[in-house]
Amino acid sequence: MESRTDKNSYTILFAVAMVLIVGALLAFTASSLKPKISENQRIEKQQNILYAMGVNNNDESSASFVSTEEAADLFSKYITKQVVIKNGNATEDEKAYLIDLKKDKAAAAGDASKRNLPVFVGEKDGKTFYVIPIYGKGLWDAIWAYVSLDENMVIQGAYFDHKGETPGLGANIKERFFMDDFIGEHLLDENGNFKGVTVSKSNGDPKNIDKTDNEVDAIAGATITGDGVTAMIKSDLKLYKPYFDNLKNN
Amino acid sequence: MGLLSKKDTKLITDPLADNNPITIQVLGICSALAITAQLKASIVMAVSVMAVLAIGNVVISLMRNIIPSKIRIIVQLVVVAALVIIVDQVLKAYSYELSKTLSVFVGLIITNCIIMGRFEAFALANGPWRSFLDGIGNAAGYGLILIIVGFFRELLGSGTLLGFKVLGDPIEKTGLYAIGYENNGFMLLSPMALIVVGIIIWVQRSRNNALIEDH
């Protein structure tokens, strides 16, 4: 005998009811948790920016941020100025850290002059840092970074992160041994032209002593993520070259 | 009578060894290969699969008499997807650090064959309490293999455990590295996970002949 639950009408009703209930449940969860989640993301951004300029709780090998409670205070203490560059003009903007690089990049559709380029100017121990967020593509999903530079475009610190790179392989771009390699690397070549930093498999410099070769050691088994890092640095940091030229001339 | 009857205890202990989801049922292999390069990732995955499988099994078991058989697979999929999304959102709001470690695996939990397999094979035919125990047992069996594989892959591939350098420093050449030991980079690649799982299957079957199928 056909049971009640085998009827077509029952199946359709069940499906509709299930979609409505699950949909409502998910919508409710998402909207009620949204303020908390975006607050977390905002704090994380501040922590990342501070990390890149060396304000962090690192010990010998681990990468750790300042605590979430302190983040906002330290951010306003160390970051003296937030600047947005658009079409060559730099203007101060208190909310520069809220710029969503992904959306901004998509909206500009490859036209760099339409992009809003944020710079976070920080002061620590009498030294000025220019922290720049960049955004690119890894193997599976987005990768991004906060790179802090001095006025000669020499890297002072970097924090890399990713959305979905392979754990143990590409995900290692957010490990200290990789990020710390970038410290001291020059973005410009000896003639002052922009060259970027290449994540190289044939670097032959495992301790990364040569800081002017524009190369750091690649991670084994993470070729595409490494290439993504190289491409992101070349395409995004290049846009800031005029800003730094300007800084030096004034 | 204790909390668990003898039959109930079997629901938990069986999947740990003689009915292990990975080595005997050969389910959930894809996620086992993908995420075991680090011990920490293996543990996080094991815990999250346990949460999703135990809750999902109970939900499916409660609904088992009203689910239309024609769309039961879709219903199961919706339940597991909804659970995973809710778990992920709650973690993002209240334990942001952990959610960042977990986010990579969310997709893998949804596609984990063990979950659908247990819904289909067990929860649709059993009561909520037994389904809950079955979920815990199978997730524990899965997690056990994950942790064993993750242990060897991280130890031999990176020379670390949970991020601690247990074999010495490969660049400074201390500890084992001082006498010429090198990390085996191959351990970090997925094929090696398959080989490690294969070795576990081999060891398990050579110790218990009853597990060997006749062909």
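**Figure 1. A:Asp125 in the loop between strands 3 and 4 of chain A.** A:Asp125 sits in the loop that joins strand 3 (116-124) to strand 4 (127-137) of chain A; helices (H or I, at least four residues) and strands (E, at least two) are DSSP runs, numbered from the N terminus. In this predicted model, local features need pLDDT of at least 70, side-chain atom pairs count only at pLDDT 80 or more, and totals for chains, interfaces and linings use all residues. Residues are numbered from 1 along each chain as its sequence is written, chains are lettered from A and ligands numbered from 1 in the order in which they are written, and side-chain values use heavy atoms, with hydrogens and water left out. Most residues other than glycine have a negative phi. A:Asp125 has a positive one, near 50°. With 75% relative accessibility, A:Asp125 counts as exposed; the cut-offs are under 20% relative accessible area for buried, over 50% for exposed, and partly exposed in between (1.4 Å probe, protein chains only).

**Figure 2. A:Met153, another residue with positive phi.** Here phi is about 60°, and again the residue is not a glycine. A:Met153 belongs to the loop between strand 5 (142-149) and strand 6 (155-162) of chain A. Its relative accessible area is 1%, so A:Met153 is buried.

Figure 3. Look for A:Asp100 in the loop between strand 2 (89-92) and helix 3 (101-108). Its side chain reaches the backbone nitrogen of A:Lys102 at 3.1 Å. That is a polar contact, meaning a pair of N or O atoms within 3.5 Å; within protein, one must be able to donate a hydrogen and the other to accept it, and residues adjacent in sequence count only if both atoms are side-chain atoms. A:Asp100 is partly exposed, at a relative accessible area of 36%. From A:Asp100 to A:Tyr135 it is 35 residues in sequence and 9.9 Å in space, C-alpha to C-alpha.

Figure 4. A salt bridge is a side-chain nitrogen of Lys or Arg within 4 Å of a carboxyl oxygen of Asp or Glu, and over all chains the count comes to 14. One of them pairs A:Lys163 with A:Asp141 (3.9 Å, N to O). A:Lys163 lies in the loop between strand 6 and helix 4 (176-179), and A:Asp141 in the loop between strand 4 and strand 5, so this pair ties together parts of chain A that are 22 residues apart in sequence. A:Lys241 and A:Asp245 meet at 3.3 Å, N to O; they are four residues apart in helix 6 (residues 241-249) of chain A, separated by about one helical turn. A:Lys241 is buried, with a relative accessible area of 16%, while A:Asp245 is partly exposed at 31% relative accessibility. In chain B, B:Lys10 and B:Asp14 form a salt bridge at 3.6 Å, N to O. There's a network too, linking A:Asp104, A:Lys105, A:Arg115 and A:Asp236.

**Figure 5. Where chain B meets chain A.** Contact means heavy atoms within 4.5 Å, and 30 residues of chain B are in contact with 34 residues of chain A. Together the chains bury about 2,600 Å², 67% of it on carbon and sulfur atoms; buried area is the accessible area (1.4 Å probe) that two parts lose on being put together, summed over both. On the chain B side, B:Lys70, B:Tyr96 and B:Lys100 lose the most area to chain A, together 18% of what that side buries. Between the two chains there are zero salt bridges, but five residue pairs are in polar contact (both at pLDDT 80 or more). Helix 4 (72-94) and helix 5 (96-110) of chain B each give two or more residues to this side, and helix 4 supplies the largest share, 10 residues.

**Figure 6. B:Ser131 and its surroundings.** B:Ser131 is part of helix 7 (residues 128-158) of chain B. At 0% relative accessibility, B:Ser131 counts as buried. Leaving aside neighbours within four places in sequence, B:Ser131 is in contact with B:Asn57, B:Ser61, B:Phe122, B:Ala123 and B:Asn126.
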